[in-house]
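This report reads a protein chain from its overall fold down to single residues. Please keep the sequence and the model side by side while you read.

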Amino acid sequence: MMNWLRGNNYAAILLTIIRLYVGWEWAVAGWHKITGEKAFDATGYLKGAIAKPVLESGTTDLVYANYVAFLKNFALPHIGWFNVLVPWGELLVGIGLLIGALTTAAVFFGLLMNFMYMFAGTVSSNPWLVLLSFFIIAAGANAGKFGVDHLILPYLHKWFDKLLERFHLKAKLR
C-alpha cells in the first residue's frame with residue numbers, strides 16, 4: 001500500500017485531487033480571516049477554549065491540561081502574534097497545497113493547526129481534514145508530483161546534499 005501511495009502515477013492523481021481539496025479549504029479559511037470586514041482576532045476563541053476546555057467524559061478532569069496552560073500563559077498574552085500567524089498560516093498552507101509546493105511541509109503545518117483546533121475543543125471539519133492530510137503526508141513527494149514539487153524538490157535535494165557534504169555529515173548519516 002505504501003509503495004503504491006508513494007510511487008504510483010494513479011495514486012499521484014488521486015492525491016492531487018485530495019491535495020487540491022484540502023488546500024482549497026485552508027486557503028479559503030485564511031483568506032476570509034485576512035480580508036474580513038473586521039480584523040481577525042482570536043482573543044474570544046482562546047478565552048472560550050480556556051473557559052470551556054475539553055473534559056474527561058463524566059468528570060471535570062482536563063484532557064489537554066498542558067494545552068490549556070499554553071493557551072492561558074503563552075497564546076493569550078501574545079495574541080497579537082496569533083492574530084497574524086493563524087490567518088496567514090492557513091492561507092500559506094492552502095497555497096502550498098494548491099500549487100503543490102513544499103507539499104509535505106505545508107500539510108504538516110496544516111495538520112499541526114488542525115490538532116491545535118481540536119485540542120481547543122473545535123471539531124468542525126478538522127477530523128476530516130486530518131484524515132485526508134494523513135494520506136498526503138504518507139505519500140510524501142508523490143502528493144506533489146503534479147505540482148511545483150516536481151520542479152523544486154530535485155534542486156532542494158542537491159542543495160541539502162551539498163550542505164551535508166560541507167559539514168561532513170553525509171557519511172555519518174548513512
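Predicted model: local features only at pLDDT ≥ 70, side-chain atom pairs only at ≥ 80, totals over all residues.

## Helices and the overall fold

Helices and strands are runs assigned by DSSP and numbered from the N terminus, a helix having at least four residues.

Along its principal axes the C-alpha trace spans about 50 × 40 × 35 Å. Of the 174 residues in the chain, 33% are buried, and the accessible surface comes to about 11100 Å², with 69% of that surface belonging to carbon and sulfur atoms. When contacts between residues at least 6 apart in sequence are taken together, 72% of them join residues at least 24 apart.

Which helices each supply at least two residues of the nonpolar patch? They are helix 2, covering residues 9-35, and helix 7, covering residues 126-139, and helix 2 gives the most, with five residues. The patch lies on the surface and includes Met 1, Trp 4, Tyr 10, Ile 13, Trp 128 and Phe 146 among its members, which together with the others have about 1200 Å² of accessible area.

Ile 13 is one of the patch residues and lies in helix 2. Its relative accessibility is 43%, and it therefore counts as partly exposed, because that class covers values between the 20% limit for buried and the 50% limit for exposed.

## Helix 2 and its cover

An α-helix has 3.6 residues a turn, so residues three or four places apart point the same way.

Among the buried residues of helix 2 are Ala 11, Leu 15, Ile 18, Val 22 and Trp 26. The cover over the buried residues of this helix includes helix 1, helix 5, helix 6 and helix 7.

## Helix 7 and the residue after it

The same kind of check works for helix 7, whose 14 residues should span 20 Å at 1.5 Å a residue, and whose end C-alpha atoms are 20 Å apart, which agrees. Buried residues of helix 7 include Asn 126, Leu 129, Ser 133 and Ile 136, and the buried residues of this helix pack against helix 1 (2-7), helix 2 and helix 6 (103-119). Helix 7 is followed by Gly 140, which has a positive phi near 60°.

## Spans named in the UniProt record

An unreviewed UniProt entry places the feature "transmembrane region" at residues 7-24, 91-116 and 128-148. In the model, residues 7-24 are 94% helix and 0% strand, and the end C-alpha atoms of this span lie 24 Å apart. Residues 128-148 are 57% helix and 0% strand, with end C-alpha atoms 25 Å apart.

## One salt bridge

How many salt bridges does a search of the whole structure find? The search finds one, formed by Glu 90 with Lys 33, where the closest N and O atoms are 2.9 Å apart. The pair links distant parts of the chain, since Glu 90 is in helix 5 (residues 79-99) and Lys 33 is in helix 2, 57 residues apart.

## Distances along the chain and in space

Leu 98 lies in helix 5 and is partly exposed, at 28% relative accessibility. Its C-alpha atom is separated by 5.1 Å from that of Leu 20, although these residues are 78 residues apart along the chain. Leaving aside residues up to four places away in sequence, Leu 98 touches Arg 19, Leu 20, Gly 23, Trp 24 and Ala 27.

Ala 65 is found in helix 4 (residues 65-75) and is partly exposed, with a relative accessible area of 38%. Ala 65 and Gly 144 are 79 residues apart in sequence, and their C-alpha atoms are 37 Å apart in space.

Terms used. Residues numbered from 1 in each chain as written. Heavy atoms only, no water. Patch = residues over 30% accessible without salt bridge, like charges linked within 9 Å, V, L, I, M, F, W, Y side chains within 5 Å. Areas by Shrake-Rupley, 256 points an atom, 1.4 Å probe, with all protein chains shown as cover. Salt bridge = Lys/Arg side-chain N within 4 Å of Asp/Glu carboxyl O. Buried < 20%, exposed > 50% of the residue type's maximum accessible area, 1.4 Å probe, protein only. UniProt positions renumbered as here; feature names shortened; annotations may be inferred. Expected span 1.5 Å × (residues − 1). Contact = heavy atoms within 4.5 Å.
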